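The structure comes first, and the description follows.

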Amino acid sequence: MRLAEVVHAAVERLTAALAGEYPDIEVVRQVAADLVDAGATDPTVIARSVPVLCDLAEQAGHDAADQVATIVGAFGEGFARAAVDATETRFEGMEAAYRNTPVAIVIGSAGGLIYEVNPTFERLMGVRADDWRGRAGYPLLPPDQRERVLSQLSSGEHFTSQGPLPQADGTEIWMAWTGLPATSKSGRRYMLGFGQDITAQRQATEQLKWQAMHDPLTLLANRRHLLEHLARTAAAAGPQGAAGVCALDLDAFKPVNDSHGHFIGDQLLVEVAHRMQAAVVGTDCFLARVGGDEFVAVLPPPTDADRTRAILSGLQAALREPFHIGGRPLAVTVSIGAVLGPLTGHDPTQVLDAADRVLYEAKTHGPDQLVLHRFTADRDLSPGPWRQ
């Protein structure tokens, strides 16, 4: 209902309340309270209402000074009580929200000194509010973001920030902060900060990212992760840094799968991955599973033929010992085709294709073979003859 309609209804109710020999003073009080509830909270409402009340009282025959005073006083009393109740309700609601919101709230000076924090802030930080009052709030932000935040606040801008926040017990949570400058009615400037614990969301996001980049069976990197790793390695190495990209394929894996079933085959792949990882500990060798029994090993720059052969020979040796899965011994070996040269200037998929072709060459010589070919920065890696 619009305020004009509320006022019109109030006049009708007052007219009815003042009719008769004895005015209904309680209705007069309630009409004033209803005006406050409708939003007419400015104290000038009383001053503007007095002439109207006097006219209505006179029309109703209650124009004696004491009668008019009683009517006006009842209206003022009803207005004042309602205004006080509304103010208390508003501030009680705000205070309840401040205490119970799941968001950490910080009230500070324009320069970043903390004046007050809410209970959620105390709970998330693991410290009492008294331990933060009067301190600078910037330690709440990641060190590499503080200069930017200070600049934004100095310019009257709001800021956002995300990052790890150490706690008093030595643990760490991830906080997302939003801060903005604010000015009170009196003109005093404040800084308001609102923080949310996003640790669980971040962990879930990181888990999804990890799953998207890893093989669910062996937990090694998958092909997507491998391609990104090759691109990063090439960018970091420069044109002179030689890397080894090696394609590995298990010998006699299909007979194991066909004879003992996919469950045993999967367990064998898991154990193969474990042995490979153990064999390359301390070598910076990056391992990935890119197919059923196909793996890739990347040796980052700087590496050479001798080092590459030594690491790959160690991988082969690690798999020669029979595996014991499901109470039965299973034997597999691995054939390896490796290419050695600078990754810069070559598409990662081209390098992998070249390693696959060398792997095919290795398998033509029988099981458990290793063949390595070198290439240069200007070498065309498309299919063609290779030289040692």
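A cavity is a set of points, on a 1 Å grid over the protein atoms alone, where a 1.4 Å probe fits but cannot get out, and its lining residues have an atom within 4 Å of a point. The model is predicted, so local features need pLDDT of at least 70 and side-chain atom pairs count only at pLDDT 80 or more, while totals for chains, interfaces and linings use all residues. Residues are numbered from 1 along each chain as its sequence is written, and side-chain values use heavy atoms, with hydrogens and water left out.

The largest cavity is lined by residues including Val-106, Tyr-138, Phe-159 and Trp-177. The lining divides into nine nonpolar, three polar and no charged residues, where Ala, Val, Leu, Ile, Met, Phe, Trp, Tyr, Cys and Pro count as nonpolar, Asp, Glu, Lys and Arg as charged, and the others, Gly among them, as polar.

Elsewhere, five strands (DSSP runs of E, at least two residues) form an open sheet of mixed pairing in the order β7-β8-β6-β11-β12, two strands being paired if DSSP finds at least two bridges between them. Because β7 and β12 stand at the edges with a single partner strand each, one side of each is left without a neighbour in the sheet. β11 and β12 pair in the parallel sense over five bridges, and Gly-337 stands opposite Val-371 in β12.

| Strand | Residues |
|---|---|
| β7 | 286–289 |
| β11 | 333–342 |
| β12 | 370–374 |

Key. 1 Å grid on protein atoms, 1.4 Å probe; cavity = no way out; pocket = protein on both sides within 12 Å on 5 of 7 lines; lining within 4 Å. Helix = DSSP H or I, 4+ residues; strand = E, 2+ residues; numbered from the N terminus.
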